[in-house]
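Hi,

Here is the model I promised to pass on. Have a look at it first, and my notes follow below.

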Amino acid sequence: MSLDIRNLTVSIGEKPILKEFNLTVPKGEVHAIMGPNGTGKSTLAKALAGHEDYDIIGGEALLDGTNIVGMEPDEIARSGLFLAFQYPAEIPGVSIANFIRAAVQARLPEGENLVATKYYKELYAAMDQLKMDRAFTSRSVNDGFSGGEKKRCEILQMMMLKPEYAIMDETDSGLDIDALRIVAEGVNSMRGPDRGFLVITHYQRLLDYIVPDVVHVMYDGKIVKSGDKTLALELEEKGYDWVKEELAPASA
Ligand SMILES: Nc1ncnc2c1ncn2[C@@H]1O[C@H](COP(=O)(O)OP(=O)(O)OP(=O)(O)O)[C@@H](O)[C@H]1O
């Protein structure tokens, strides 16, 4: 059981961004992707989530064997893939409680109804874990939230939806040190044999808290190097130039 991305080629307008991209994240593992700005990390996340601006012109993305390429975003979410956005959208007029409730309901088998008392009990427990004030439940999704509050709200959604696979796009950006730890604990509490994570980050520090099984380096629309968690430390220390030099030693 895995999220299996095979030869995925994605363009924005005429510009190719992902070029025959390959990656497998088995259930039970946490994979991290690092890489210089503009190499296509967010493009990967958004293309997998079915964002309309990204044209998938080749390849497939198999979620436990089912190809999600071409599916609508809500169908992809119902299939068990969750994306925590780098820049979460604001949804004025829709409360967090109602938004998450509708999303959780949509993932239930047809004919099954969410029991309100059970839902709120779980919601409050997750909010307590993330140290979110309960007053947030009645606020509109992300409307006027600080950067860190938006990221906590994303993790709250993930904890309630319990996806099979979660992609986190720079969830650590904008978090203060305490919030980083709390968010990481939220993620760690969800780690297990039935779930896979893909964590996109620029900073090794996040990976001290969410310890990855595999670290990948993405460059120019492809994974160009993979290793264990020590690769992140090496990147932090040496930057990306040595990886680029390894790719093109003749021109270095
Ligand atoms: N909607 C868009 N329209 C045009 N170009 C885009 C669009 N979205 C992304 N791009 C371009 O695609 C390339 C890859 O962007 P992407 O956001 O995937 O990179 P990234 O690796 O996530 O970068 P960062 O580390 O800075 O977040 C960039 O050159 C970017 O300018």
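Which residues are around the ligand? They are Ile-12, Ile-17, Gly-35, Asn-37, Gly-38, Thr-39, Gly-40, Lys-41, Ser-42, Thr-43 and Asp-53, where a residue is near a molecule or strand if its C-beta atom, placed from the backbone, lies within 6 Å of it.

Before the rest, some housekeeping. This is a predicted model, in which local features need pLDDT of at least 70 and side-chain atom pairs count only at pLDDT 80 or more, while totals for chains, interfaces and linings use all residues. Residues are numbered from 1 along each chain as its sequence is written.

Helix α1 (residues 41-48) gives the largest share of the shell, three residues. Helices (H or I, at least four residues) and strands (E, at least two) are DSSP runs, numbered from the N terminus. By type, the shell has two nonpolar, seven polar and two charged residues.

On confidence, the protein has a mean pLDDT (the predictor's confidence in each residue, from 0 to 100) of 91, with 98% of its residues at 70 or more. Strand β3 (residues 30-34) has the highest mean, 97, and strand β7 (residues 91-95) the lowest, 87. For the complex, the predictor gives an ipTM of 0.94 and a pTM of 0.92.

Now the sheets. One is open, with four strands in the order β2-β1-β4-β5 and antiparallel pairing; two strands pair if DSSP finds at least two bridges between them. Its edges are β2 (15-26) and β5 (66-67), each with a single partner strand, so one side of each has no neighbour in the sheet. Helix α1, the one from the ligand shell, packs on this sheet and touches β1, β2 and β4 (55-63), with its direction at about 75 degrees to that of β2. Contact here means that the C-beta atoms of two residues, placed from the backbone, lie within 7 Å. Axes are lines fitted to C-alpha atoms, for helices over the stretch in contact, and angles run from 0 to 180 degrees between N-to-C directions.

Strand β1 (residues 2-12) pairs with β2 in the antiparallel sense over eight bridges. Along that pair, Ser-2 stands opposite Pro-26, Val-10 opposite Leu-18, and Ile-12 opposite Lys-15. Ile-12 also belongs to the ligand shell. The hairpin of β1 and β2 has two residues between the strands, and Gly-13 there takes a positive phi near 60 degrees. With β4, β1 makes an antiparallel pair over seven bridges, and Thr-9 has Gly-58 as its bridge partner in β4.

The other open sheet I noted has six strands in the order β6-β9-β10-β3-β11-β12, with mixed pairing. β6 (81-84) and β12 (222-227) stand at its edges with a single partner strand each, so one side of each is left without a neighbour in the sheet. On average, and with direction ignored, neighbouring strands of this sheet are turned by 20 degrees against each other. β3 and strand β10 (residues 196-200) run parallel and are joined by four bridges, and Val-30 has Phe-197 as its bridge partner in β10. Helix α5 (residues 147-161) packs on this sheet too, touching β6 and β9 (165-169), at about 165 degrees to the direction of β6.

Cheers

Terms used: Ala, Val, Leu, Ile, Met, Phe, Trp, Tyr, Cys and Pro count as nonpolar, Asp, Glu, Lys and Arg as charged, and the others, Gly among them, as polar.
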